Amino acid sequence: MTTRQVAPAEQRTLTDVAFDPITRIVGNLGIYTKIDFNAREVVECKSTSSIFRGYSVFMKGKDPRDSHFITSRICGICGDNHATCSVYAQNMAYGVKPPPLADWIINLGEAAEYMFDHTIFQDNMVFVDYCERMVKETNPGVWERAERTPAPRGDQHGHRTIGDIMRSYNPFEGATYKEALVMSRLTREMICLMEGRHVHPSTLYPGGVGTVATPQLFTDYLVRLTRTTDFIKRAVAMNDDVFDFFYEALPGYEEVGRRRTMLGCWGAFQDPEIVDYNYKNMNEWGNRMFVTPGIVVDNQLVTTDLVDINLGMRILLGSSYYEDWTGEETFVDKDPLGNPVDKRHPWNQTTLPAPQKRDLDGGNYSWVMSPRWFDKRTNDFLALDTGGGPIARLWATALAGKVDTPYVRSTGRSVRIDLPKTPSTPETHLEWTPPAFPNTIERNRARMYFVAYAAAMAFHFVDQALNEVRSGVTKTFQDFKVPKEAIGVGFHEAVRGVLSHHLVIRDGKIANYHPYPPTPWNASPRDFYGTPGPYEDAVQGCPIFEENGPENFKGIDIMRTVRSFDPCLPCGVHMYLGGGRTLTQSHSPTFGALAG
Amino acid sequence: MGITVGRPDVEPDRPAHVAGVRRGNHKGFIKRQPGHRRNDRSTARRSTGINARHRNPVDRDMPNLSPA
């Protein structure tokens, strides 16, 4: 029995605090909380989305060969992840195996995307919450201490104190902030070299790529990669210094954003030696991916089998503005291996939107559905999160012990990353070990380690691709026929976590298409079992370390928690504080007209 | 009230492919792609139509790496 003395909710003085919008996407994620300022704790949290996209509705009837071009438009920053995932799903449906060089080129493009997107998010978005200006406002005591604390890894990044690092994170003027913008240009150039365009690639197709493979293509990439790697080595050291300092300066900060370990990773970077995009062999080629797919529950690896992962997916309702589809058509009752496919699986989902007023008090309150993973060991529907992507990827890869390349190795309990000597920095060896539990700081820390992982992998991919080209093999495309009837699924990692595209073709047209990007998993509302989604779960019970009272409360600890999940460029956060009233509900306008 | 729109002139489920137009994924399309060989290699003809043969490697054992 827990002995924690917590007053029942009705006896506590709760203040409604709404953060709406926290942009996902174009400003449509809202976080509605009830905070007990006396106990300095968030008591309740609901995550809502007021945007409906409808891809699963309007994809029906279209030519399946267009699907990667259309679904790329789902996102304005990780569109190429969608294109890649759609290409994987189409390869499976058409039964085509692209030439090895095509897969190496896609891997190189995606590695550059991870470097680009994680860096711009970490240094231009996340660190605004940890920069001098913000910390001075929210925790002046911490800032004073930062000024006095020497940076332990100063020899690697060149900053003398923690305060110096935090000053360099100041938006628009800090050195790191500005350097990250320069890096984002370089890494986008790398993507454009491989995929033709960023973020909506023009040279990715099912069956291969249209990129013309020449030695110069890869050396152009490599030149940029070495310069980016210089930055990454310094960035990892700065991250570690700042995050270690927060633990030290704010004892108990590890409880902020803490959540039970329930992480999902769908794997990234195909190995062309084995991948044939055939569902029947999906476990074999899935396990050879250079980021291992896996589900980690309570710090244990549950599975790395993509077939298990696929069949366990369930899309639940409960607090979403949709009608149930149980009476609608079943598109796939058995997978190609003969396993039964559930009615709530994306292959069988029919989207039936039912717009209605938001009701945060026991009713429906979000356009996001509640994706869950059915754990057949316990019969639980797990609200997996991605932790913003990197922590889940590194955790699954570390425990699986399957990745073994010259630059990155999984040891079964950690991931070792060896970055070679680059123009202005020496060879660097990094090791990421899973923390005791995921929280806000660890999600953020993993992000820069994964950027290093992607860079190290990119060195390997360049080596492999150049081997192909040097032997004169320049083929990048395999022709194919579109079947009348087929099904396909693509598993990939969007920058901020798991990504799957489920495709059903009938009569040569799309009969059903369901993309499941990471944010529906992370931002999901309560399902019909009452299980809260990951944002809600991580923010509920979150202690408040901010020194400001209710009058000028910024909600920095809540914002850091939500942003640690990388809710897609939260660039325009507005906040509405309900005037300190007790348990009154305020209806916040979506675009923050009342935000102050 | 509302937005005035014209009469729709497309069927939403009409496939993008127009009959008669060559498809990039067409089986055997390699016949129409000069410079690409069936052994997964390519020649200078991939890059240029002008005196392509003179731009191939001088030694047969060298890889044929034409520019983009």
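Okay, some ground rules. We're looking at a predicted model, so local features need pLDDT of at least 70 and side-chain atom pairs count only at pLDDT 80 or more, while totals for chains, interfaces and linings use all residues. Residues are numbered from 1 along each chain as its sequence is written, chains are lettered from A and ligands numbered from 1 in the order in which they are written, and side-chain values use heavy atoms, with hydrogens and water left out.

Let's start where the chains meet. Chain A brings 22 residues to the contact and chain B brings 21; contact here means heavy atoms within 4.5 Å. About 1700 Å² is buried between chain A and chain B, with 52% of that coming from carbon and sulfur atoms. Buried area is the accessible area, with a 1.4 Å probe, that two parts lose on being put together, summed over both. On the chain A side, Arg65(A), Thr474(A) and Asp479(A) lose the most, together 27% of what that side buries.

How many salt bridges are there between chain A and chain B? The count is 1. A salt bridge is a side-chain nitrogen of Lys or Arg within 4 Å of a carboxyl oxygen of Asp or Glu. Here Lys475(A) pairs with Asp40(B), the closest N and O atoms being 3.7 Å apart. Lys475(A) is partly exposed at 25% relative accessible area, and Asp40(B) is partly exposed at 29%. For those words: buried is under 20% relative accessible area, exposed is over 50%, and partly exposed is in between (1.4 Å probe, protein chains only).

Now over to the strands, which, like helices, are DSSP runs numbered from the N terminus (strands, E, at least two residues; helices, H or I, at least four). In a regular strand the side chains alternate between the two faces of the sheet. Strand E13 of chain A, residues 415–419, runs antiparallel to E14(A), joined by 5 bridges. Opposite His429(A) stands Asp418(A), which also makes a salt bridge with Arg416(A), 3.7 Å from N to O. Asp418(A) is buried at 12%, whereas Arg416(A) is partly exposed at 28%.

Last stop: helix H9 of chain A, residues 175–195, where Arg185(A) and Glu189(A) sit 4 residues apart, about one turn. They form a salt bridge at 3.1 Å between the closest N and O atoms.

Technical notes:
Two strands pair if DSSP finds at least two bridges between them.
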